[in-house]
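User: I'm new to this one. Can you walk me through the aromatic rings?
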Amino acid sequence: MRHIAMKAQWTDFITLLKREVVPALGCTEPMSVALAAANCRKLLGQEPTRVSVWVSGNLFKNGMGVGVPGTGMIGLPVAAAVGITGGNPDAGLEVLKTLTPEQVDAAKALLPAIKVDVKDVPDVLYAEVLAEVEGHCARVVICTDHTRIILMERDGEVLMAQDSAPGVQIQAAPSSKPAMTLREIVEFAQQVPLAEIDFIREAATMNQALADEGLQGYGLRIGKILTEQVERKLLSDDLMTLAMRLSSAASDARMDGAMLPAMSNSGSGNQGIAATMPVVAAARFLQTSDEQLTRALVMSHLVAIYIKTYQNKLSALCAASTAAMGAGAAITWLLGGQFEQISHCINNMIGDVSGIICDGAGSACSMKVSTSTSAAVKSSLMAINNLHVPQSEGIVSDDVDQTIANLGRLSKQGMLDTDIEIINIMRAKQQGKAE
C-alpha cells in the first residue's frame, strides 16, 4: 500500500484518537462518581462519616443499574463508596483498578452513610461529591467529560476551579461543526504511515481479553448463549454471528463488573467495544493482514468519534449503535468497498438503527451492542453490492456527512423529551424501591 507524507490534519486525527480511545475499567458514568469520591478522600486525608452525591439526570440514568467492578454490586452509591475506600484519585477511568476485597468490605459498611440525588444542571455529564467528617469536608465536581475535574474544595476553601466554579454554574459546551469529513477520515485510515497508528492495536488486544472473559458467563450471557447456539447448530458460524458473539461477550463482562478494562471510545467502554470487536471479527473471518486490521480499527474508531461529535456526551440515543457505524464502515472497507460503499453503509445503518434508545447502562446494553453489530454487518454486505437507503427516505441524505449531521440533530434536539421521560421513569422506579 502506497504511503504519502503526513498532513497537518492527520496529526490532529492521531491526537484525537489518543485522547478519545483510552482504557476504562467499568461503566464510565459510575467511574466519574468513584473518581470524584476518591479525590474527596484524598483531600480529607481520612475516612468520611457522611457522603452526599449529586449527579445529572443522564449520569443517574447510566449509573442506576450497572455493575461496579470488583464489588458484585450495582449502582452509584456503591461506586461512591468504593471510590472513598479504595479508589486511586490519579488513575482516571481506571480509578478502581487496585481495589481489594478489604476495601470492598469497608465500602459496604459505608453505604448507609451515602446519599445520591439528581441535580438540575445544564451539563448532561455532571458528578458532585461532598464528603464530611468531624467538622471537615471536601467537595469535588466533575463535568462535561468523565475525568474532567472542575472544582476541588476543602473546608470551604477553593483549591482548584475551572470555568465558573466555585459557584458551579456550569455552561453546556458550545456545539460546532466537526473539523473533518468522512472522506478525509477514510483517506487518513488508508494512507497514513502505519507506524503512526500502531497504538490502535491495543484496542483489539484489550477488548478481545474482555470478550474472552465475557464468554465465561456474565450478565445476560448474550455472548455465551450465542456461542452455545453455534455449537448446537441453531446459529451459523458466519461473520455476523462471530461479530455479535465477540461484541456482546465483551459488553456482558464490562456491564457486570468484570475487573478488566475496556478500550473506550468517546468516554464509553461500550462504544469502544462496538467500534472494535466487529472489526476484529471481520479481520479474523476474512483472514486479513495485520496492517489491514490496524487501518480498519483506525477508520472505525475515528468514524465513531466523528459521528459522536454531533451529539451530546450522554443522550436518549444509544451510542453503541452510532459507534457500530464506525465498525460498519471499516468492515465495508475490509470487504473491498471504497468511499462510495462506505458512505452507503453508514446511510444504511442510520436508516436502520437510528431509533434505539438509551435507557441507562446495564446488562441489556450487550443486547443493544449485538443488535448494532448485526446491523453493521448487514449494512456492509448491502453496501458492497451498492444497495443503500435512498435520500428520499427519512433522515438519510445523498451526502453522508449531512446524514450524520441529521442524526446528531435528532439526538440533540428531537430526543430531548424522550430523554426526560426515560429519566423520570427510572427515578420513579428508584424512589419506589427506597419506599
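Analyst: First a term: buried means under 20% relative accessible area, exposed over 50%, and partly exposed in between (1.4 Å probe, protein chains only). This is a predicted model, where local features need pLDDT of at least 70, side-chain atom pairs count only at pLDDT 80 or more, and totals for chains, interfaces and linings use all residues. Residues are numbered from 1 along each chain as its sequence is written, and side-chain values use heavy atoms, with hydrogens and water left out.

User: Trp-10 and Phe-188, buried or exposed?
Analyst: Both Trp-10 and Phe-188 are buried.

User: How many aromatic pairs are there?
Analyst: Three. Rings of Phe, Tyr and Trp (its six-membered ring) pair if their centres lie within 6.5 Å; planes under 30 degrees apart are stacked, over 60 edge-to-face, the rest tilted.

User: What kind of pair do Trp-10 and Phe-188 form?
Analyst: Edge-to-face, at 6.0 Å centre to centre with 65° between the planes. Trp-10 lies in helix α1 (residues 8–20) and Phe-188 in helix α6 (residues 182–191), so the pair ties together parts 178 residues apart in sequence. Helices are DSSP runs (H or I, at least four residues), numbered from the N terminus.

User: And what about Phe-13 and Phe-188?
Analyst: That pair is edge-to-face too: 5.2 Å between centres, 75° between planes. Phe-13 is buried. Trp-10, Phe-13 and Phe-188 form one aromatic cluster.

User: New topic. Which ring does Arg-183 lie over?
Analyst: Phe-339, at 3.9 Å from the ring centre. The rule: NZ of Lys or CZ of Arg within 6 Å of the ring centre and within 35 degrees of the ring normal.

User: And Lys-18?
Analyst: Lys-18 lies over the face of Phe-199, 5.1 Å from the ring centre.

How values were computed:
Helix = DSSP H or I, 4+ residues; strand = E, 2+ residues; numbered from the N terminus.
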